[in-house]
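Here is a short report for a first look. Take a moment with the sequence and the structure before reading on.

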Amino acid sequence: MHKFTTIILLLFISALSSGAQDEVTCSGIVPLKNRYDKISITDFGAVGDGKTVNTKAFRAAIFRIKHYKRRGGTLLYVPPGVYLTDRFNLTSHMTLYLASGAVIKASQVVSKDVSYWPLADPLPSYGRGREREGGRYMSFILGDGVRDVIISGENGTIDGQGDVWWDMWRQRTLPHTRPHLVEFMHSSDIIISNVIFKNSPFWNIHPVYCSNVVVRYVTILAPADSPNTDGIDPDSSSNVCIEDSYIANGDDMIAIKSGWDEYGVAYGRPSSDITIRRVTGSTPFAGIAIGSEMSGGVQNVLAEHINLFNMGVGIHIKTNVGRGGYIRNVTISNVYIEKARKGIKIAGNVGDHPDDKFNPNTLPVVQDITMKSIWGEKILQPGLVKGIKNAPFTNICLSDINLHGSYSAKTTPWQCSDVKGSALKVSPWPCSELISSQDAGFCSIQA
Ligand SMILES: *[C@@H]1O[C@H](CO)[C@@H](O)[C@H](O)[C@H]1NC(C)=O
Ligand SMILES: *[C@@H]1O[C@H](CO)[C@@H](O)[C@H](O)[C@H]1NC(C)=O
């Protein structure tokens, strides 16, 4: 080969490989498992005709995995077809594998009768169901106290048939708090990847009191007007990594939480070390949210390379008096927002309370929040940063932010109060509370 061509080729290859090394991913957080033992749901009598109810098959297959342990765990294969089933529990050391064209569909709601749907105790950090007092309906697919569980495959679908639940919510006939589509509680080493989640009754993916959770290559779909169909809500959980996913739903795409008011404070379990990257989506609520339930604390959050279209709010950090807890060390960068009512909102008066026993003097701490490299088009209001009287939000850093829109020059593009921080290269120019200072150490373009 010609020497010159060789050099060019070598340069090209080294550029490619260094590029690959730069690509940061969630892999490594949860070790990948080869499941040598494989079973199919059809071995347990399941029929994927969209009519047969396969609850017995799912429960028998998972009973087999739980009680006849195989080295390395077991893969449960769901072939193409539509498998109706009542809710079921997962067990440790298993992979639920949905083939291309496989659909697992919630059956109890087909008859529009949810009276047989079992109830679970309230979460201790909530003290009650999130939307109704007392217990809550058990999640459609639940892992409680499990480890080493994978839900994956070839982009098969888990369909919650949520419209029955949404209607009950709209008509105010909902007896208890709606179920999540997939929930892990007190669990670790969880991977959810290459699955489509559709029409969840309530929040789609809810890891609560968990550690080491990876969610990647998922698609989450629910109508824009479906109530409270949050995409992914890491709740009092640590080491959660979410990446390369698409979410178009009816509430926050991703919301990091940790319980609320006196219950969340008493339980005291924070959400920490949460990474979100390369997520795209659309919702009338927020793209990346923290709170408003955050009484156990939220810290060490990194969200980057986020693309948002047709939004309510691009980025929303929300809390309230009575919440206690903290939101700190949050960095959100490289966000593109196209069409939103608000670009950035950080507010201390959002969300309701579990009951009237909350202490209004228990104030949350919000500090060390950095937002940088954010570009918005068609933004109605660029920003609102409103802290709490006697608990101002501090070290708020906005840098390299451009939020274009149709707002008139007369209205103030930024509304601020009870906030201290810094702004660098922010357009339109933010409020005077965020004093521009090149030497504010915590806030620089390079930070
Ligand atoms: C599923 O798990 C929950 C929580 O651990 C438990 O209360 C319930 O009885 C289990 N259901 C079945 C059918 O095993
Ligand atoms: C599944 O969907 C993801 C995107 O969410 C895509 O990257 C991947 O190639 C798809 N896999 C298959 C087997 O179709």
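Which residues lie nearest the centre of the largest pocket? They are Arg130, Asn228, Asp251, Phe285 and Asp352. Keep in mind that this is a predicted model.

## The largest pocket

The largest pocket has a volume of about 690 Å³. Its lining is made up of 31 residues.

What classes of residue line the largest pocket? The lining holds 15 charged residues, 9 nonpolar and 7 polar. Among the residues nearest the centre are Arg130 and Asp251, and both of these count as charged.

## The second largest pocket

Which of the elements gives the most to the lining? That is α2, with 5 residues. By class, the lining of the second largest pocket divides into 6 nonpolar, 4 polar and 4 charged residues.

## An open parallel sheet

Strand β5 also belongs to a sheet. Four strands form this open sheet, in the order β5-β10-β13-β16, and their pairing is parallel. Which strands stand at the edges? They are β5 (88-89) and β16 (205-208). Each has a single partner strand, so one side of each is left without a neighbour in the sheet.

Strands of a sheet pair through backbone hydrogen bonds. Strand β10 covers residues 141-144, and strand β13 covers residues 182-185. These two strands pair in the parallel sense over 4 bridges. At one of the bridges, Asp144 has Met185 in β13 as its partner.

## Around ligand 2

What surrounds ligand 2? The residues are Asn155, Asn194, Tyr217 and Thr219. This shell divides into 3 polar residues and 1 nonpolar, with no charged residue.

Asn155 comes with a distance. An oxygen atom of ligand 2 is 2.4 Å from an N or O atom in the side chain of Asn155. How much of ligand 2 does the protein bury? Taken alone, ligand 2 exposes 360 Å², and the protein buries 44% of that.

Terms used: Residues are numbered from 1 along each chain as its sequence is written. Chains are lettered from A and ligands numbered from 1 in the order in which they are written. This is a predicted model: local features need pLDDT of at least 70, side-chain atom pairs count only at pLDDT 80 or more; totals for chains, interfaces and linings use all residues. Side-chain values use heavy atoms; hydrogens and water are left out. A residue is near a molecule or strand if one of its heavy atoms lies within 4 Å of it. A polar contact is a pair of N or O atoms within 3.5 Å; within protein, one must be able to donate a hydrogen and the other to accept it, and residues adjacent in sequence count only if both atoms are side-chain atoms. Accessible areas come from the Shrake-Rupley method with a 1.4 Å probe; for residues, only the protein chains shown count as cover. Two strands pair if DSSP finds at least two bridges between them. On a 1 Å grid over the protein atoms alone, a cavity is a set of points where a 1.4 Å probe fits but cannot get out, and a pocket is an open set with protein on both sides within 12 Å along at least five of seven lines; lining residues have an atom within 4 Å of a point. Grid points are joined across faces, edges and corners, and a volume is the space filled by probe spheres set on the points.
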